[in-house]
Amino acid sequence: MDHRENDKPVIVIGAGLSGLSCAASLHAQGIAVRVVEAADRVGGRVVTDVVDGFKLDRGFQVLLTAYPEAMKHFDYEALDLHAFYPGALIQVGEQRYRFADPWKKPFASLPAIFAPIATIGDAIRIAKTRSDALRDNDPNPAQDTASTDAFLRQRGLSQRVIERFFRPFFGGVMLDRELSTPSSFFRFVFSMFARGPATLPAAGMQALPEQLAAGLPAGCVMLNTAVSSLRDRQVVLASGETLTASAVVMATDADAAARLAGDGFRADWNSTTTVYYAADSSPLGENILLLNGNGQGLVNHICVPSDVCASYAPVGQSLISVSIVGPHDKDDAQLDASIRGEMASWFKHSVADWRFLRAYRISKALPRFRNTNSGTPAHPDGRFVCGDHVQDPSINGALLSGRTTSEAVIRYLQ
């Protein structure tokens, strides 16, 4: 099929990062494309709400500037990115220790060796792991079967540094405190943190999909447009209207794609809860994560997004983000009480002044990474599936899946 002779557009279902990446890549090749989205905004799971002047990302999310696909798709200067400190604070009992990236903060990293966080042997082994990850950071080799936890132990890292740093830090990134995620994905993420900072856009994380959507032709993205079914390359909308396409890309989550495609594919999900508080002053006073190094409790980590980027809070106010990994059965009142109870030993009486803003319970926060992900599932009748559930569970994976799917669509149309 020659797309130049076909006046039917490619229809992308879903305006998350993968769908917008696919649409942008097709548009760049001169292919007519239309994006249909059931929600009232673009972004999929990357959404920012404004509540009482505070910017609340739905779930704790950051942009790693070293992501190869992010560098291809985004204008970093226009996003006005603000970086986190390269490292973390770790709470152990009532004491707090700094664990800095020794390549970026060499002098600040030295005290961690003498604190109850890591040993000199750990420092040497982490350096070797970092070097190896920078050389070989393929997130999806089919032969990878070792879990992240097993990999770290095989590298000789101590139980202490695994429990107090790697489990809360990378368990929070991958939403997997068991560190059962295949080690190839851990090595990829580890290398991304080594290559560049974690950042927040000044306008919130939703600035990412909005920037992608802004590069598409006017009217290309149809919001508030739900899809009820597919008939070959005909997209039947909930309104009853039928759109005919030259190809269809299902850039939805895995469950919706399976429903539309009529196959049995499903994704398993990792869940998270993010609770936001407002305060008159920051409990941290710097642009850094504070990890729970105690190995127990509900809270995995906290940060103050307005310490990273002042625009996340009104002038004179601070926004506090509390992250929980995995499911729980607490309502807002119980959740708030549990968090304040845990944080009282971390921050003493200041938690009494925190004002509860909103809790986001996200059962489908990240698809669980599988080393059998195929990258670009396609049907012979011109239907394609893309998303981080078929690549790897990250912003980079979503963008990569969208771009590679666009290439598969182009080959199909030729």
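Tutor: Let us start with residue classes: Ala, Val, Leu, Ile, Met, Phe, Trp, Tyr, Cys and Pro count as nonpolar, Asp, Glu, Lys and Arg as charged, and the others, Gly among them, as polar. This is a predicted model, in which local features need pLDDT of at least 70 and side-chain atom pairs count only at pLDDT 80 or more, while totals for chains, interfaces and linings use all residues. Residues are numbered from 1 along each chain as its sequence is written, and side-chain values use heavy atoms, with hydrogens and water left out.

Student: What makes up the lining of the largest cavity, by class?

Tutor: The lining has 6 nonpolar, 3 polar and 1 charged residues, and the residues concerned are Asp 57, Gly 59, Phe 60, Gln 61, Leu 200, Tyr 276, Cys 303, Pro 305, Tyr 312 and Ser 321. A cavity is a set of points on a 1 Å grid over the protein atoms alone where a 1.4 Å probe fits but cannot get out, and lining residues have an atom within 4 Å of a point. The volume of the largest cavity is about 50 Å³, and the structure holds 1 cavity of 30 Å³ or more.

Student: Why are α7 and α8 called roughly perpendicular?

Tutor: The axes of α7 (residues 159-174) and α8 (residues 183-195) cross at roughly 100° and come within 11 Å. Angles of 65 to 115 degrees count as roughly perpendicular, and α7 and α8 are therefore given that description.

Student: Which residues of α7 and α8 meet?

Tutor: With contact meaning heavy atoms within 4.5 Å, Phe 166, Phe 169, Phe 170, Val 173 and Met 174 in α7 meet Phe 185, Phe 186, Val 189, Phe 190 and Phe 193 in α8. By class, this contact has 10 nonpolar, no polar and no charged residues.

Student: What makes β8 and β19 edge strands?

Tutor: Two strands pair if DSSP finds at least two bridges between them, and 7 strands form an open sheet of mixed pairing in the order β8-β7-β16-β17-β18-β15-β19. Because β8 (95-100) and β19 (355-367) each have a single partner strand, one side of each is left without a neighbour in the sheet.

Student: How do you know that β17 and β18 pair?

Tutor: DSSP must find at least two bridges, and β17 (residues 301-303) and β18 (residues 318-325) pair in the antiparallel sense over 3 bridges. In β18, Val 322 is the bridge partner of Ile 302.

Key. Axes are lines fitted to C-alpha atoms, for helices over the stretch in contact, and angles run from 0 to 180 degrees between N-to-C directions. Helices (H or I, at least four residues) and strands (E, at least two) are DSSP runs, numbered from the N terminus. Angles under 35 degrees count as roughly parallel, over 145 as roughly antiparallel, 65 to 115 as roughly perpendicular and the rest as oblique. On a 1 Å grid over the protein atoms alone, a cavity is a set of points where a 1.4 Å probe fits but cannot get out, and a pocket is an open set with protein on both sides within 12 Å along at least five of seven lines; lining residues have an atom within 4 Å of a point. Grid points are joined across faces, edges and corners, and a volume is the space filled by probe spheres set on the points.
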